[in-house]
Amino acid sequence: QLHSDQDKGDGSLKYILSGDGAGTLFIIDEKTGDIHATRRIDREEKAFYTLRAQAINRRTLRPVEPESEFVIKIHDINDNEPTFPEEIYTASVPEMSVVGTSVVQVTATDADDPSYGNSARIIYSILQGQPYFSVEPETGIIRTALPNMNRENREQYQVVIQAKDMGGQMGGLSGTTTVNITLTDVNDNPPRFPQSTIHLRIPESSPVGTAIGSVKATDADTGKNAEVEYRIIDGDGTDMFDIVTQKDTQEGIITVRKPLDYETRRLYTLKVEAENTHVDPRFYYLGPFKDTTIVKISVEDVDEPPVFSRSSYLFEVHEDIELGTIIGTVMARDPDSASSPIRFSLDRHTDLDRIFNIHSGNGSIYTSKPLDREISQWHNLSVIAAEINNPKDTTRVPVYVRILDVNDNAPQFAVFYDTFVCENARAGQLIQTISAVDKDDPLGGQKFFFSLAAVNPNFTVQDNEDNTARILTRRNGFSRHEISTYLLPVVISDNDYPIQSSTGTLTIRVCACDSRGNMQSCSAEALLLPAGLSTGALVAILLCIIILLVIVVLFAALKRQRKKEPLILSKEDIRDNIVSYNDEGGGEEDTQAFDIGTLRNPAAIEDKKLRRDIIPEMLFVPRRTPSAPDNTDVRDFINQRLKEHDTDPSAPPYDSLATYAYEGNDSIAESLSSLESGTTEGDQNYDYLREWGPRFNKLAEMYGGGESDKDTS
């Protein structure tokens, strides 16, 4: 309540209020000065309010005292329970942890005033999760309460923590939260093989690297704590087998290290160890963290292919051996206990020329054609060995045949020599240096000797003793008019055994040379013949002739194309269905042919029928055409009808030939036969048939001849 010393109780003063919440949250009785709250006040929203009050004269509205300021402080009560920032917490702790190991700390908050009473004093307790975990009342730290909690027994725990204010006393408010705790794995379990002995089988034909089988040790731990390394630590097959650890499956894969042989050994025993790769020193007392098992591997017998005594064979033979000579022998055996006989053969794809052959029984390889080192120095053969009892089971071995050289080729000129001698050459002048080659390849290298086949008065050869020789002149001056070409036989021999030699002939032309010895002309006729056309001129003339021939051919082709093409190129160009008959007919005896009397009896043509093959655009009144005389020529009759149809506007712009399968009524016209003709012989005149050509000669003779016979009779 506010009260002014000037207030005499007569109601002359008026109290007014301003500041925080004045008029809304707080109101004042203007007569008595009592201050009232209009609604419930929450300290957690605002703890204090600053207000100003003043007393004024009700009539003059002037203040009677200075304005005074005061503060309304809200006292706290316990009306807020503790709350956790998370409804559910997630935490983890390693298994086998000691008692009191900290797991996680949870913290609750209370909106009440911590400085006023115990409204904000929080105490933590555990409602669910005992006896595995505990919580510190003051701090909210959750700790393990049992020793050696094993993840393999139980991995997940749910703990409910309560936070209560008023120091945990009765009447205090509380809130709860849930903490999900997971025990993480540690390496506290060693690997264990489920079986003490494992049996595996493998065929003896399995190649090196083949997987025989797998072994696996189980480990209750997870992740890297369950990683295992496998090794073979003992046994009689340590050098025959390997074991590889498969990281993704944690299995030990046993593979073949060396080729197996059933006939040599049929059973192997291995001692395999599995050991953890990550061992925790804290749990050594639970060890050892490894285990062993015995693996017995049985080798199964299979029908193996033959085995050669060597992986490859090399034979050397001279190229001059006789046909049928044995150059070497390959040997193979059946590794099986049955020891089946072996048959040998050559792969002809490696000996397409069939130079060699092999004895199928003993494997001896011999020649069937002559050898030539100069053609092929090496022959790479493939020999096939197969069991007689099982021909499909084969083995191959490479056989390399090296052909050794024999001096069987004579040396020859290295190149073709174009040699000339100048007319003004002097005796002893060098005109050519020659060399030789030999297909043979002697061990000591090539050595050639050069000489003349006979004494030559014009030239001589001088051996340089380095596989070359010089050709020298023996006299002064040569004349191309007398002899234009000299042939000089040169003998070339080698020094190998047996000595081989050959004679090569040098063609030496006599040429005119300048003072420096440069050749100018070697033809004797060049001095006598006048200067003619050069080669370039001849080529130009030849090109002109070819161009003229091409022009003539093009002109002829253009002229041929200018000829008028036929109107109808083929039957396919006919636009309507025109049936073409290639038979001439049976003559007079053919009574089934077309009755030509219809064309000769115009009276039989009645009113013009409308076309049935097309739909006319409009109907026209049929026109009567004058009747043609009885003796009207058929050609005139057809021309007349053609003219009428050409002028008919209802007809299409093309001819149309329609074929009707319906025969129709009997024709008014009579038969053309001489036996049943309705006209007399005097009314018929067939002389015009002779004018129609050779095809109608028969009719002209029959009808024209008959009339003359009558006259004769």
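Modeller: Start with one definition. Two strands pair if DSSP finds at least two bridges between them. Keep in mind that this is a predicted model. In S34, Arg470 is the bridge partner of Gln462.

Colleague: What makes S33 and S34 a pair?

Modeller: Count the bridges. Strand S33 (residues 459–463) is joined to S34 by 5 bridges. The cut-off is at least two, so they pair. The two strands run antiparallel. They also form a hairpin, with 4 residues between them. In the turn, Glu465 has a positive phi of about 60°.

Colleague: Which other strand is joined to S34 by 5 bridges?

Modeller: That is strand S31 (residues 430–437), and the two run antiparallel. Here Ile434 has Ala469 in S34 as its bridge partner.

Colleague: Why is strand S34 called largely enclosed?

Modeller: Buried means under 20% relative accessible area. In S34 (residues 468–473), 5 of the 6 residues are buried, so the rest of the structure largely encloses this strand.

Colleague: How many residues of strand S17 are buried?

Modeller: In S17 (residues 251–256), 5 of the 6 residues are buried. Therefore S17 is largely enclosed by the rest of the structure.

Colleague: How do you know which strands pair with S17?

Modeller: Again, count bridges. Strand S14 (residues 211–215) and S17 have 4 bridges, in the antiparallel sense.

Colleague: Where is a positive phi found in the hairpin of S16 and S17?

Modeller: At Gln250, with a value near 55°. This hairpin has 4 residues between the strands.

Colleague: What is the strand order in the open sheet of 4 strands?

Modeller: The order is S13-S19-S18-S15, and the pairing is mixed.

Colleague: Why do S13 and S15 count as edges?

Modeller: Strand S13 (197–203) and strand S15 (228–235) each have a single partner strand, so one side of each is left without a neighbour in the sheet. Neighbouring strands of this sheet are turned by 30° against each other on average, direction ignored.

Colleague: What joins S15 to strand S18?

Modeller: 7 bridges join S15 to S18 (residues 267–276), and the two run antiparallel. At least two are needed, so this is a pair. One example is Ile232, whose bridge partner in S18 is Val272.

How values were computed
Residues are numbered from 1 along each chain as its sequence is written. This is a predicted model: local features need pLDDT of at least 70, side-chain atom pairs count only at pLDDT 80 or more; totals for chains, interfaces and linings use all residues. Side-chain values use heavy atoms; hydrogens and water are left out. Buried means under 20% relative accessible area, exposed over 50%, partly exposed in between (1.4 Å probe, protein chains only). Axes are lines fitted to C-alpha atoms, for helices over the stretch in contact, and angles run from 0 to 180 degrees between N-to-C directions.
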